[in-house]
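Here are my notes on the model, as numbered points.

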Amino acid sequence: MTQYSSNNDVPYSRVGDDEVPSSPKAADKIRKVSMLPLVFLIFYEVSGGPFGVEDSVNAAGPLLALLGFVIFPFIWSIPEALITAEMGTMFPENGGYVVWVSSALGPFWGFQQGWMKWLSGVIDNALYPVLFLDYLKSGIPALGSGLPRVAAILVLTILLTYLNYRGLTIVGWAAVLMGVFSILPFAVMGLISIPQLEPSRWLVMDLGNVNWNLYLNTLFWNLNYWDSISTLAGEVENPNKTLPKALYYGVILVACSYIFPLLTGTGAIPLEREKWTDGYFSDVAKALGGAWLRWWVQAAAATSNMGMFLAEMSSDSFQLLGMAERGMLPEFFAKRSRYGTPLLGILFSASGVILLSWLSFQEIVAAENLLYCVGMILEFIAFVRMRMKHPAASRPYKIPIGTVGSVLMCVPPTILICAVVALSSLKVAAVSFVMLIIGFIMHPLLNHMDRKKWLKFSISSDLPDLQQETREYEETLIR
């Protein structure tokens, strides 16, 4: 493939240069995403509401579930969001974390990062039609299995894919409306539950009866993917200021969207752990407010899954576009529609969702978590390496810690990653290993196609010349 740098340590911005390189001119004509839609895009990249957290109570009981969603953000979510804010403003283009890793570790590992994160994103997106139908099947039993379920998945995927094709600003404002609608029933449920709350129910814990694999995977899945928004950085209005603020507000919104519904559900209803599975919040709503509140929660769940699908597909497809603009994928992946959206990226992501949607919820979560873990390790290494090798490079947003602090900040989430990997089943580990091997094969294969001119690879002339940036950076250091 056409490589954008012969140097593995490529700083994006010159030392002392606070100006952000412009995004591709073709994209400049498209409306950029502003603060509020960006916050809700982050909300849907990571969360979408409390739908899917029920398994944490099933696995570990109320106390550990609540503690998990209070403590886990400090171990994982906040460090990942901070790294995304620093690296996303240092590299404000649609390649996102792919460019981070490529700049720090070289094009081979950058490509592996892109493959693993795209694949984990597509696997993640395959969850949302499953969750959508799981919430509706209690009211429409025909959607539980068979041809009606398959047809529903296909129709839903096609409709949401078309909406993604129509433009990121439409997706962003749709995310705002969907987010408000998805959060409101839990606010109402919380108010109704106040007279029935028994705080002692929150303290129930049985350490001898904890499914640690399910517990950690549920926490991990519901509180990761903060870095996904980096692949949309080239579409954001004034990313230097907007991206860090949006991540800050996103962390608060996500944490509250989990903790308060869990407090309501576990505090106002007698505990029956075996019932806390996907969709149980609709039963909690019926017990507290009646059938009307149950239907509202089910509608909110369906809406939330549509929002998560839209946000994830945007991230995945723009990542492929960003990789093509850097010469890491064939040039045709960089082609945009008249709405500014990546045509092939959307089609590839939608195809992956359809192919993977037959898997069960827990299988999907475990498989995408493992691939995501490997990608995050590469991001942590890239973050620390850039801090060590290029400490003076321009960082519009910089975490207020030194090199040692940056290393220490990555230690707790790395330990958590090791725990998630260690608890994975052999089946999931084997599938993930095969996917990694495919990535190792694809990179030299694409290089070969480039050398033989079988496919056209090119670097967008509207992106900064990182080779020139490297030379100027080194000259600055010599002076």
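1. A polar atom of the serine 120 side chain sits 3.0 Å from the backbone oxygen of lysine 117. A polar contact is a pair of N or O atoms within 3.5 Å, where within protein one must be able to donate a hydrogen and the other to accept it, and residues adjacent in sequence count only if both atoms are side-chain atoms.

2. This is a predicted model, in which local features need pLDDT of at least 70 and side-chain atom pairs count only at pLDDT 80 or more, while totals for chains, interfaces and linings use all residues. Residues are numbered from 1 along each chain as its sequence is written, and side-chain values use heavy atoms, with hydrogens and water left out.

3. Serine 120 belongs to helix H5, residues 107-125 (helices are DSSP runs of H or I, at least four residues, numbered from the N terminus). Its relative accessible area is 0%, so serine 120 is buried (under 20%, with exposed over 50% and partly exposed in between; 1.4 Å probe, protein chains only).

4. Leaving out residues up to four places away in sequence, serine 120 touches Tyr225, Glu368, Leu371 and Tyr372 (contact: heavy atoms within 4.5 Å).

5. Helix H5 also holds tryptophan 109. Tryptophan 109 counts as partly exposed because its relative accessibility is 35%.

6. Among contacts between residues at least 6 apart in sequence, 86% join residues at least 24 apart.

Key: Helices (H or I, at least four residues) and strands (E, at least two) are DSSP runs, numbered from the N terminus.
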